[in-house]
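Q: Can you walk me through this one? I have some quick questions.

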Amino acid sequence: MMKLELINVVKRFGDRAEAVIRGLSTTVAEGQMLVLLGPSGCGKTTTLQLVAGMLHPDDGSILVDGKTVAGPGWGLPPERRNLGMVFQSYAVWPHKTVFENVAYGLELRAVPREELRRRVQEALDLVQLGELGARYPSEISGGQQQRVAFARAIVVKPSLLLLDEPLSNLDATLREQMRVELKLLQRKLGLASIYVTHDQAEAMVLADHLVVMRGGIIEQQGSAEAVFRRPRSGFIARFLGITNLLRGRVIDIGPNTARLEIGGLGTLSAFLADDVRTHMTRGEAACVSIRPLELTLSASRPTAAANAFQGQLMERIFLGDLTEYLAQSGQIRWRIHVASSTRFVPGDTIWISFAAEAGSVVLDS
Amino acid sequence: MGGNTPPTPLGTSRLHPGPPTGITWLAMADTAQTPLSTGSFYRSRIASLLAIAPLGVWTVVHLWDNLSAFDGPQAWERAVTGARHPFNQILLAVLVLLPVYHLVVASFTTKDGFSLANYAQLFRVRRFQEAMLNSLLLGIASSVFGMLIGTLLAWLVSRTNMPFRRVVRVCVLASFAVPAFVNALSWVLLAGPNAGSLNQLWMGLTGSREGFINIFSMQGLIIVSVATVYPLAFIFMHNAFETMDTEMERAARLLGANGVRAFFSITLPLARPAIIAGFIMTFLEALALYGAPAAIGVPARVYVVTTQVWSLFEYPPQVGMAAALSLPLALVTVALLCLQRMLIGRRGFANIRGKGGRWQRADLGAWKWVAASVAGLIVFITFVLPNAVLVFRSFYRESYRGMALANFTFAHYQYVLFDYIDGLRSIRHSLVTSLAAATLAALLALIAAFLSRRKMVRFSGLLVFLCMLPLAIPSMVFAVGLVAAYSSGWMVLYGTLWIMMLAYLIKNLPYAFMSCNAALASVHVDLESAARVLGASTLRTVRDITAPLIRNGLLSGWIVVFANSLRDLSASVLLYTSATTVISTAIMDVYYASAWGAVAALSVILLGINAIAIMTGYRMFGRNVLSPNA
């Protein structure tokens, strides 16, 4: 049974004609972490609030543990959904100690004194705050408050854990570290979770199931790897990581690949996914996305590669493990990542090549 | 004590009021006004309605804007430059009429019915014209000098490395806690002709036969007024300097401007909204002063509008005339607030929105000691010296044989507490009315803030408006309205402690409301949502989360109302009768009787209660104050 099901959910604000959420469907399985990723204003926080019960949908329904908690125009209040939630602002209560903060949910559930103390202590130990129970939130750091918020949410053993950009107020290093820690904790607890973020790197680390939203609809969903490797649209390709996005016209559609005419460059062939194929017509505009690491540089024309283009090396940027080359072929500027050992210098004439399945044909958006 | 004895004002002293006490006067005044034809009755009311409607809107809106300065610089900047919904203003326009209604009606009413006679009188009688001119002069002088001093101190404290910055800041802010009229009385002790301590010191040092300063003069009044209003200027300018980003100044420096030029071409223009607000608020404050003009101006026969309004309440009371005289105060207030809006306009001073704190202090070098001396001197003269002399005088027995240890005594305290008939009684009255006013104001404010903030009722904006309304009316003008409203009809409160309590309650309701409202605003909605998600119902959430979090705001609002009520003179002086004396009016009574020991002792008791209340307040803002991210 699914822990959460969203079925064709629609949400409008006020009497504005344009809905904020326009028919959204997805599921979260037992123990799975679903990451809602998207630019600000895409509706991801609204979706979370619909699940939490702070808002109610105008259409569609929401099921938690197979039980309908919200339908068109109605919904159970938050306190009757058995959820845990971690807020962007942490929302740790400043007038309660760390212990009291975590204990509150158990008090509401009338858990006996002894068990309550044990479970709170377990939760605090889990987030490595075992010693700080007597402190007030103003006496601990932002990262520690964040852990208190997490402990408070999980101690009640919720059906579903909701996380609303919980790491966005932390500094970069701590965020990086907490990201992995959060992933391990969630795995250990086996808690079904929804995690909202606009940070694609964070989404990649955390997601079992990645949902990319845009303008109130799901643009693409799947495993993080699948979405990263085979983006459906130019928007997804650009939003997740760095890519070379070449805009052109479809001239031939094969079983697994398609050929495109790229203005000022020539033709190339790239992988064509089935759900993209249904939207493709010969002669229409489309794009090809190739990640910089998929490109190969060589001094002379490679013989085997399906796609090869001559170009002028413009710049060499040292990135540590990798070296980034900027090259120009006509109007097209390439970003190429190669192992740092290769040595070309700006001004060299080089060949850029890639196999057909290394690139993806994507929708032009 | 020749020089310290003020001439008895206006021939009658409140210490020995004539046979007709307040309530009887008013009853008489009322009967004198009753024969009115129905037609003229309505005409006068409609006329007053049309006269006051647009003015009221502006006044409330602008005062409300400016008061957000107390919430910090960003809040003030937002409030002053933010846009407003026109519907609100219309709503405000209709509602602002109610409390000033009686006032305006009274001003247009004579025994012949609706008439402009009261206003004609304003322009006929020299005394009134002089009073208006004097008020204007006092306001201008106070705001100019107040701003100069306030700006200088604010800059030194917030922008330079002057030593003892904190001490200076604390002293300036502490001057707020000293009631203006107590400050004025201290200055009489210091600079009264001949007997003032400063003058005696001067005579002792120079062998001169006369003192060098006479407080009983327009100049004296201005000095005291400046000392009273400059802390307000300080707050506005301090806020502006604190939020300004010095990167901007530095950018000018890098382009070749020297420090002085950068200050005048970048820093000051950026502070323009604060400068305008500072000028206007200090001007209005000086205009509404009653204590200082009563203590200093009246003996010197320098009359201002507020003291004239008071004199019109002497037997036989002329409420209509008083109303006509006090309405120009409201008009000037409104006009100035319009001016401020025009000058600042909608131009967002976005640069001031800086994060605050991202700036460096100017290094004054050796000059910092000069700066510290100047700032120290200002604070010493305006705060330390007057209060020190007051405390000293409360323990000191006047003697012709000069200073001696034997002259120190508790006799004055013994006198005011046990012998003086109005002493203990006035303290009791003050405490009872202030405690009641503070408690009721806090309760009302809490309910209103809750309902409006959580949008639990329709027209919640109206609630906010009702709570903020009293700010628009100067204390004394408000008191005239109260007298007009409650001295006849179905509820006669004049002459009871109730009307005092009501005056304190209504006058201070805005402060309690702002405090509650700000506290509620700082409770992030996530804090409540977090409890809801964990399984708490709405009511449970309010009990466990919201209520404890706003406790401090509620208490601080309570304390502000209490302290303000305790020190009020300008409303009390029109509302009290011999049976309902409060501390402030008792102090003025013994002052007019030249009982200096009693004046000092009562004042110190008042300051003491005030200080205890305020300090208790600070204590409460201890460990679990809201953390910044909450």
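Q: What is B:Thr151 in contact with, leaving aside its neighbours within four places in sequence?
A: B:Thr151 is in contact with B:Ala233 and B:Met237. Two residues are in contact if their C-beta atoms, placed from the backbone, lie within 7 Å.

Q: How far apart are B:Thr151 and B:Met237 in sequence and in space?
A: They are 86 residues apart in sequence. In space, B:Thr151 and B:Met237 are 5.8 Å apart, C-alpha to C-alpha.

Q: Before I go on, what kind of model is it, and how are things labelled?
A: This is a predicted model: local features need pLDDT of at least 70, side-chain atom pairs count only at pLDDT 80 or more, and totals for chains, interfaces and linings use all residues. Residues are numbered from 1 along each chain as its sequence is written, while chains are lettered from A and ligands numbered from 1 in the order in which they are written.

Q: Back to B:Thr151. Which helix is it in?
A: B:Thr151 lies in helix H7 of chain B, residues 126-159. Helices (H or I, at least four residues) and strands (E, at least two) are DSSP runs, numbered from the N terminus.

Q: Is B:Thr151 buried or exposed?
A: B:Thr151 counts as buried because it has 23 C-beta neighbours inside 10 Å. The cut-offs: buried is 20 or more other C-beta atoms within 10 Å of a residue's own, exposed is 12 or fewer, and partly exposed is in between, with C-beta atoms placed from the backbone.

Q: And chain B overall? How many helices and strands does it have?
A: Chain B has 28 helices and two strands. Of its 630 residues, 50% are buried. Take contacts in chain B between residues at least 6 apart in sequence: 81% join residues at least 24 apart.

Q: Let's pick helix H18 of chain B. Why does its span agree with its 28 residues?
A: H18(B) covers residues 367-394, and at 1.5 Å a residue it should span 40 Å; its end C-alpha atoms are 39 Å apart, so the two agree. The expected span is 1.5 Å times one less than the number of residues.

Q: Where is the kink in H18(B) centred?
A: The kink is centred on B:Phe380 and is about 45°. The bend at a residue is the angle between axes fitted to the seven residues ending there and the seven starting there.

Q: Which residues of H18(B) are buried?
A: Among them are B:Ala371, B:Ala375, B:Ile378, B:Val379, B:Thr382 and B:Phe383.

Q: Why might residues three or four places apart point the same way?
A: An α-helix has 3.6 residues a turn, so residues at that spacing point the same way.

Q: New topic. How many residues does each chain bring to the contact between A and B?
A: Chain B brings 21 residues and chain A brings 24. On the chain B side, helix H24 (525-533) and helix H25 (538-567) each supply at least two residues. H24(B) gives the most, with seven.

Q: What classes of residue are on the chain B side?
A: Eleven are nonpolar, seven polar and three charged. Ala, Val, Leu, Ile, Met, Phe, Trp, Tyr, Cys and Pro count as nonpolar, Asp, Glu, Lys and Arg as charged, and the others, Gly among them, as polar.

Q: Now chain A. What is the order of the open sheet that holds S16?
A: Its five strands run S16-S20-S17-S18-S19, with antiparallel pairing. The edge strands are S16 (296-298) and S19 (332-339), each pairing on one side only. Two strands pair if DSSP finds at least two bridges between them.

Q: How many bridges join S17(A) to S20(A)?
A: Six bridges join S17 (residues 307-318) to S20 (residues 349-354). A:Ala308 has A:Ser353 as its bridge partner in S20(A). S16(A) also pairs with S20(A), over three bridges. There, A:Ser298 is partnered by A:Trp351.

Q: Which face of S20(A) is covered?
A: The covered face has A:Ile350, A:Ile352 and A:Phe354. A:Thr349, A:Trp351 and A:Ser353 are on the uncovered one.

Q: One more strand. Why is S15 of chain A largely enclosed?
A: Five of the six residues of S15(A), residues 285-290, are buried, so the rest of the structure largely encloses it. Six bridges join S15(A) to S12(A), residues 244-253, in the antiparallel sense.

Q: What stands opposite A:Cys287 in S21(A)?
A: That is A:Val362. In S15(A), A:Cys287 is also the bridge partner of A:Arg247.
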